[in-house]
Amino acid sequence: MSTQNNTSTVAIQLSDRKRIAVQAGCVCLMLSIAMLGLSFNVLQGPILTEMNAMKYFSLLTIFASLGLVIMTPIGGKLGDIFGRRNIVVISGSIAVVCGLGLSLVKTIIPFMTLRLILSAAQGAFTAAPYIIAREINEAKNVPKVMGILASSVAFGGFAGSIIAGALADAGLLNIAIAFPVLPLIIGIILIAINMPNKKREGKTPMDVLGIVVLTLAISSFVLSLNFGSSLGWTNPIILLGFIAMIIFFFLLVKVENKAVDPIIPMRLFKNRNYTTLLLVGFLAYFYMTTMNTYAPLAVQQVMNESATLSGILQMPRTIITMLLPALVGVWVGKKRDNFWIGMAISSILVAVSFIPLCFINSTTSIVLMISLIGVTGLAESIRGVTVTAAAQSFLDPKDIGVGTALVNFFNSASSLISAAVCGAVFNAAGTNVAKGVNGTFVVAVASSALQFIIVVMFIRKAMRTQKPANSNSIDAI
């Protein structure tokens with residue numbers, strides 16, 4: 001017989017059967033997001049080659065992230081207004097149509113248009129699984145569920161890239177593009193059938209002006225960062241882009257402070273503990289660009305190893321992040337102190353992993369490099385179950401949706417800014433590739449060290465002394 005969750009700590013009451021089904025739906029959403037992302041990384045070259053459109057490679061890469069970054073904070077707020085289930089069903093269905101459409105179109109303009117719409121649709125529901133995890137589970141179980149979601153992302157990316165590559169090699173490029181929509185369809189159905197559509201009562205005005213200004217602010221930010229490394233940071237177009245970004249973000253603050261129901265409530269940034277955790281999440285993601293981009297380059301051009309070896313650099317890390325997060329989540333959920341301890345350990349693991357890589361040269365062992373990057377899998381497993389859940393605990397229940405979406409937005413922004421910073425460091429080394437990649441590894445160490453300092457000096461005290469803002473917190477244990 002199914003039982004009901006404790007009403008004092010669960011925002012949305014579900015039977016055990018429905019709760020498990022909804023969580024399975026959330027896992028499917030995360031699988032699809034990861035599969036779509038990694039499979040497109042593998043397939044983008046072959047797709048554009050087939051269309052004779054390789055000159056659009058960088059622009060298509062930007063489109064893949066632009067809609068996602070813009071819609072992540074907006075999607076969180078829309079879920080509060082119209083209901084999380086409705087947003088998942090509507091935006092998820094749009095993503096399904098776009099995913100299938102991408103497998104059918106043969107010309108570049110409609111392909112790029114669908115890719116942009118797909119990334120925007122994904123952004124609308126990207127934060128939903130993390131928000132739903134908080135809404136349907138007791139506090140002690142939230143870190144474990146976050147761990148399951150983190151494992152889903154790792155598995156989806158791993159399986160997505162392998163399956164996409166295999167299908168493309170078999171001449172089934174259309175199927176390789178379309179297959180990630182299958183788990184998305186399953187996830188939409190599971191959530192639509194088993195989760196009630198909880199939304200605000202009464203008529204809520206839509207902050208249209210806020211959405212427009214936010215879109216302009218993020219677009220100028222993303223485009224300036226992406227084109228800055230190729231056009232040059234002193235290029236007038238790039239400088240104008242950054243000036244526009246500053247103006248639009250200034251206007252955004254003004255608009256949102258006056259809005260009746262803002263897309264991004266500025267009061268959230270007055271919550272010092274929450275804002276500090278946004279910074280921690282930002283720093284926790286900063287090493288990703290170095291690992292994903294410059295570590296393979298170091299293997300190929302500094303260590304003179306094959307592209308095949310550079311391709312397996314993250315294999316142990318991926319396996320760890322598929323298996324460990326749920327177990328770490330159980331440990332985190334046992335004690336509130338474990339949140340800050342976990343964040344501190346995560347930052348130490350990243351720093352320790354990258355310190356030896358700051359001195360990489362032609363004699364560096366590939367086994368050592370694979371092992372060190374594997375250690376970051378432990379760090380990622382801990383980060384995935386601590387930062388978001390901790391940030392949620394300092395939010396009022398009415399702000400869980402937009403607050404969680406902002407955490408995801410800062411994570412995405414971290415990757416963009418890290419790419420710009422690492423690109424500048426690498427380019428400063430000129431033709432000395434070894435010096436350039438070593439410099440990016442130093443950036444990873446520095447960001448992780450700063451994360452550790454912030455966690456120990458501020459988050460530790462917050463976790464120990466301040467009562468969480470919502471009842472669905474770890475204090476309920």
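## Overall Architecture

Of the contacts in the protein chain with a separation of 6 or more, 82% join residues 24 or more positions apart. The model described here is predicted. The protein chain contains 19 helices and zero strands.

A compact globule of 477 residues would have a radius of gyration near 23 Å, and the 22 Å found for the protein chain agrees with this. Along the principal axes, the C-alpha atoms fill a box of roughly 60 × 50 × 50 Å. Buried residues account for 56% of the 477 residues. The protein chain exposes about 19,700 Å², of which carbon and sulfur atoms supply 69%.

## The Nonpolar Core

The largest nonpolar core comprises 139 residues. Within this core, the residues with the most contacts are Met 343, Phe 354, Met 369, Val 437 and Phe 441. Helix α1 provides the largest share of the core, with 13 residues.

The surroundings of Val 437 can be listed individually. When residues up to four places away in sequence are not counted, Val 437 touches Tyr 294, Leu 297, Ala 298, Val 302, Ile 360 and Phe 426.

Helix α5 spans residues 128-136 and is mostly covered, with nine of its nine residues buried. These are Ala 128, Pro 129, Tyr 130, Ile 131, Ile 132, Ala 133, Arg 134, Glu 135 and Ile 136.

The buried residues of α5 pack against helices from several parts of the sequence. Their partners are α1 (16-50), α3 (84-102), α4 (108-126), α6 (142-169), α17 (366-393) and α18 (400-428).

## Salt Bridges

The count of salt bridges comes to eight. Side chains of opposite charge can pair when their charged atoms come close. An α-helix has 3.6 residues a turn, so residues three or four places apart point the same way. Arg 383 is buried because its relative accessible area is 11%, under the 20% limit. Glu 380 is likewise classed as buried, with a relative accessible area of 12%. Elsewhere, salt bridges that share partners join Asp 80, Arg 84 and Glu 135 into one network. Glu 135 is one of the buried residues of α5.

Another salt bridge pairs Asp 337 with Arg 464, whose closest N and O atoms are 3.2 Å apart. This pair links distant parts of the chain, since Asp 337 belongs to helix α16 and Arg 464 to helix α19, 127 residues apart. Asp 337 counts as buried at 15% relative accessibility, whereas Arg 464 counts as partly exposed at 49%.

## A Nonpolar Surface Patch

Helices α16 and α19 also meet in the description of the surface. Ile 348, Val 352, Phe 452, Ile 453, Met 457 and Phe 458 form a nonpolar patch there, with about 550 Å² of accessible area together. Each of α16 (337-354) and α19 (433-465) supplies at least two residues of this patch.

The largest share, four residues, comes from α19. Phe 452 is located in helix α19. Its relative accessibility is 32%, and Phe 452 therefore counts as partly exposed, the range between 20% and 50%.

## Loop Residues with Positive Phi

Asn 52 has a positive phi, near 55 degrees, and is a residue other than glycine. Asn 52 lies in the loop between α1 and α2 (57-82). At 72% relative accessibility, Asn 52 counts as exposed.

Asn 304 is not a glycine either, yet has a positive phi of about 60 degrees. The loop that holds Asn 304 runs between α12 (288-301) and α13 (307-311). Asn 304 is exposed because its relative accessible area of 59% is over 50%.

Definitions and conventions: Residues are numbered from 1 along each chain as its sequence is written. This is a predicted model: local features need pLDDT of at least 70, side-chain atom pairs count only at pLDDT 80 or more; totals for chains, interfaces and linings use all residues. Side-chain values use heavy atoms; hydrogens and water are left out. Buried means under 20% relative accessible area, exposed over 50%, partly exposed in between (1.4 Å probe, protein chains only). Contact means heavy atoms within 4.5 Å. Patches are made of residues with over 30% relative accessible area and no salt bridge: like charges are joined within 9 Å, nonpolar side chains (Val, Leu, Ile, Met, Phe, Trp, Tyr) within 5 Å. Accessible areas come from the Shrake-Rupley method with a 1.4 Å probe; for residues, only the protein chains shown count as cover. A salt bridge is a side-chain nitrogen of Lys or Arg within 4 Å of a carboxyl oxygen of Asp or Glu. A nonpolar core is a set of buried Ala, Val, Leu, Ile, Met, Phe, Trp, Tyr and Cys residues joined through side-chain atoms within 4.5 Å. The radius of gyration is taken over C-alpha atoms; the globule rule is 2.2 Å times the number of residues to the power 0.38.
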